[in-house]
Amino acid sequence: MKAALAGADGTLLHEARRPTGRERGPADVVETILGFATELRDLGRERFGSTAVAAGVAVPGIVDEAAGIAVYAANLGWRDVPMRELLSRRLGGVPVALGHDVRTGGLAEGRIGAGRDTDRFLFVPLGTGIAGAIGIGGGIEAGAHGSAGEIGHIVVRPGGRECGCRQRGCLETVASAAAVGRDWAAVCGDPAAGAADCARAVESGDRRAREVWQHAVDALADGLVTALTLLDPRTLIIGGGLAEAGDTLFAPLREAVRRRVTFQRLPSIVPAALGDAAGCLGAGLLAWDLLSTEVTA
């Protein structure tokens, strides 16, 4: 988990990280979040002379942002966790904004990162899984049920590897950093190898690594072309662990997308600017937005 205290001008006053403790179970994860937030509140009072006036929290899975409920997260074992209510109560009644981790990261990339001044973009982090944030006019589209942008579950390889969503051949089973790492570990014989190791092997000219890498890039291009056909973004922002490979990813990816488009307008394909701090920064933006809304009301 990443957390921060932020000033009204967006300045990061303090940053901290902590394990989720998910191996101990869903209730412990929630308690860890609440305890972490309480420590930050107390630190703010001691160091800056005042407590936080609002809080923002971003969580994975399906999120009902309007109701403040973390609806479902398979990897955390969550179902219908009233996160906003729990956190507000723990923090003494301050207003709390709840967001989806990828959409919240997309909000930050759109306002202060790679999508700044872009009216329509799609933010796609490539990590353990794949999801997307649809940026429109300075905001992020959540969808009718809180699941807009889940492009990791576009089926790009029908009949392929089983996904956690119970479909087969989803994009994230082929092109996520986790998938690349798994495939490279199987090929190179090192069970500890990951996507970064595969990228380094590609750069050194390893033919086997290039095959694994291109397999993932081709699947990613198939999924992205489906997304841009539906959404027509001006910019595609790619983040997450795979994006850290730089041109090793972006050069073949741009070419693969270019080969696949026909009538579609080719968007700019750029790396994310905020790294793994995007979700934390976006949570802060949600909190300030919440205060602005309350003042206006």
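This is a guided tour of one protein chain, going from the whole model to single residues.

**Before you select anything**

The model is predicted, so to speak of local features a pLDDT of at least 70 is needed, side-chain atom pairs count only at pLDDT 80 or more, and totals for chains, interfaces and linings use all residues. Residues are numbered from 1 along each chain as its sequence is written, and side-chain values use heavy atoms, with hydrogens and water left out.

**Stop 1: the whole chain**

Select the protein chain and colour it by secondary structure, and you will find nine helices and 12 strands; here helices (H or I, at least four residues) and strands (E, at least two) are DSSP runs, numbered from the N terminus. Along its principal axes, the C-alpha trace spans about 60 × 40 × 35 Å. The radius of gyration of the chain is 20 Å, which agrees with the value near 19 Å that a compact globule of 297 residues would have; this radius is taken over C-alpha atoms, and the globule rule is 2.2 Å times the number of residues to the power 0.38.

Of the 297 residues, 46% are buried, where buried means under 20% relative accessible area, exposed means over 50%, and partly exposed lies in between (1.4 Å probe, protein chains only). Among the contacts with a separation of 6 or more, 59% are between residues 24 or more positions apart, and contact means heavy atoms within 4.5 Å.

**Stop 2: helix 2 and what covers it**

Select residues 83–90, which form helix 2, and show the side chains of its buried residues, Met83, Leu87 and Ser88. Seen down the axis of helix 2, these buried residues fall within an arc of 120°, so they line one face of the helix; the arc is that of the directions from the helix axis to the C-beta atoms. An α-helix has 3.6 residues a turn, so residues three or four places apart point the same way.

What covers the buried residues of helix 2? The cover includes helix 1 (26–48), strand 3 (55–59), strand 6 (78–81) and strand 7 (96–100). After helix 2 comes Gly92, whose phi is positive, near 80°.

**Stop 3**

Go to strand 6, and select Asp80, which lies in it. Although Asp80 is not a glycine, its phi is positive, about 55°, and Asp80 is exposed, with a relative accessible area of 53%.

Val81 is also placed in strand 6, but Val81 counts as buried, at 11% relative accessibility. Leaving out residues up to four places away in sequence, Val81 touches Val30, Gly68, Ile69, Ala70 and Leu86. If you draw a line between the C-alpha atoms of Val81 and Gly68, it spans 8.6 Å, and the two residues are 13 residues apart in sequence.

**Stop 4**

Select Ala55, which is found in strand 3 and counts as buried at 13% relative accessibility. Not counting residues up to four places away in sequence, Ala55 touches Leu91, Pro95, Val96, Ala97 and Ala287. From Ala55 to Arg84 the distance is 9.3 Å, C-alpha to C-alpha, for a pair 29 residues apart in sequence.

In helix 1, select Phe36, which counts as buried at 5% relative accessibility. With residues up to four places away in sequence set aside, Phe36 touches Met1, Ala3, Ala16, Arg17 and Arg18.

**Stop 3**

Apart from its neighbours within four places in sequence, Arg103 is in contact with Val63, Glu65, Ala133, Ile140, Glu141, Ala142, Gly146, Ser147 and Ala148.

**Stop 4: a loop residue**

Finally, select Asp232, which is in the loop between helix 7 (207–231) and strand 11 (235–239). Asp232 has a positive phi of about 50° although it is not a glycine, and Asp232 counts as partly exposed, at 48% relative accessibility.
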